[in-house]
Amino acid sequence: MNGTTGGTTRAFYPGSFDPIHLGHVDVVEQAHELFGDVVVGVLFNFAKDTAMFPVDQRVDLVRSVTAHLPGVSVEAHSGLAVDAAAAAGADFMVKGLRSGGDFEIEQQMAQTNHSVTGIRTVYVPASPALSFVSSRFVREIAKYGGDVSHLVPPAVADALAAKFAGDAEA
Ligand code: PNS
């Protein structure tokens, strides 16, 4: 990849962000500290997106909860993460690691991605207080009416509440 972009180094942080949670925000903040210039890539499946939130809403939520970080931008991409990173003009990918299980998965993806385009992946460690948070369990808890306000930013808690408001009344 490029090495640098106009004198700065740009990192690309890909994910589904369905929805973005506090662990993701922590990774964006760490990447911002390291690189300054960070593009968050909301990846979606163009043919069949099975995410809970439509991609436009996921992008809006990521944008709103990272608005305090100058130099962080958000883009939607379908297809391969390496192609999205190239389209974003990124020098590195960033991934968060919560556990050894994450490492196993991310290491294989990092090595595969490097073999495809030469892009390198930088891991940042999840902050211990957030290392158990996952979008999957946030979705599950919210779906059954549980409290997720300690796991997601307020805008996301509101979006989840709006999504499941009808279910609670039923
Ligand atoms: O938020 P997630 O679900 O952990 O993000 C996973 C994601 C979207 C980063 C990963 O599945 C991905 O990179 N998907 C794009 C398709 C791709 O590039 N596949 C090859 C991976 S080596």
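Reader: Which residues does Ile-20 touch, leaving out those up to four places away in sequence?

Author: Contact means heavy atoms within 4.5 Å. By that rule, and not counting residues up to four places away in sequence, Ile-20 touches Val-25, Leu-61, Val-62, Val-65, Val-152, Pro-153 and Val-156. Before we go on, note that this is a predicted model: local features need pLDDT of at least 70, side-chain atom pairs count only at pLDDT 80 or more, and totals for chains, interfaces and linings use all residues. Residues are numbered from 1 along each chain as its sequence is written, and side-chain values use heavy atoms, with hydrogens and water left out.

Reader: What is a nonpolar core?

Author: In soluble globular proteins, nonpolar side chains tend to be buried together. A nonpolar core is a set of buried Ala, Val, Leu, Ile, Met, Phe, Trp, Tyr and Cys residues joined through side-chain atoms within 4.5 Å. Buried means under 20% relative accessible area, exposed means over 50%, and partly exposed is in between (1.4 Å probe, protein chains only). Here the largest nonpolar core has 37 residues. Ile-20, Val-40, Val-94 and Leu-160 touch the most other members.

Reader: Which elements give two or more residues to this core?

Author: Elements are DSSP runs numbered from the N terminus: helices (H or I) have at least four residues, strands (E) at least two. The strands that give two or more are S1 (10–15), S2 (37–44) and S3 (72–78). The helices are H1 (22–35), H2 (55–65), H5 (135–143) and H6 (154–169). There is also a second, separate core of 11 residues, which includes Leu-43, Ala-81, Ala-90 and Ile-119.

Reader: Is Val-28 buried or exposed?

Author: Val-28 is buried, at 0% relative accessibility. Find Val-28 in helix H1. Beyond its neighbours within four places in sequence, Val-28 is in contact with Tyr-13, Val-40, Thr-66, Leu-69 and Val-72.

Reader: Which residues of H5 are buried?

Author: They are Ser-135, Val-138 and Ala-142. Look down the helix axis and take the directions from that axis to the C-beta atoms; the arc is that of these directions. The buried residues of H5 fall within an arc of 60 degrees, so they line one face of the helix. After H5 comes Gly-145, with a positive phi near 85 degrees.

Reader: What should I look for in the backbone of the loop between S1 and H1?

Author: Most residues other than glycine have a negative phi, and most peptide bonds are trans. Now take Phe-17, in the loop between S1 and H1. Its phi is positive, near 50 degrees, and Phe-17 is not a glycine. Phe-17 is also buried, with a relative accessible area of 3%. Next, the peptide bond from Asp-18 to Pro-19 is cis, with omega near 0 degrees. Pro-19 sits in the loop between S1 and H1, and Asp-18 is in that loop too.

Reader: What does Asp-18 touch, leaving aside its neighbours within four places in sequence?

Author: Asp-18 is in contact with Ala-51, Met-52, Phe-53, Arg-58, Ser-135 and Arg-139. A polar atom of the Asp-18 side chain lies 2.7 Å from the backbone nitrogen of Met-52. Asp-18 is buried, at 5% relative accessible area.

Reader: Which residues are around the ligand?

Author: A residue counts as near a molecule if one of its heavy atoms lies within 4 Å of it. The residues around the ligand are Pro-14, Gly-15, Ser-16, Leu-43, Gly-79, Leu-80, Ala-81, Met-109, Thr-112 and Asn-113. An N or O atom in the Ser-16 side chain is 2.8 Å from an oxygen atom of the ligand. A backbone N or O atom of Ala-81 is also 2.8 Å from a ligand oxygen. Accessible areas come from the Shrake-Rupley method with a 1.4 Å probe; for residues, only the protein chains shown count as cover. Taken alone, the ligand exposes 550 Å², and the protein buries 62% of that.

Reader: Where is Gly-36, and what does it touch?

Author: Gly-36 lies in the loop between H1 and S2. Gly-36 is partly exposed, with a relative accessible area of 29%. Not counting residues up to four places away in sequence, Gly-36 touches Ala-31, Pro-70 and Gly-71. Gly-36 and Gly-71 are 35 residues apart along the chain, yet their C-alpha atoms are separated by 5.9 Å.

Conventions: A polar contact is a pair of N or O atoms within 3.5 Å; within protein, one must be able to donate a hydrogen and the other to accept it, and residues adjacent in sequence count only if both atoms are side-chain atoms.
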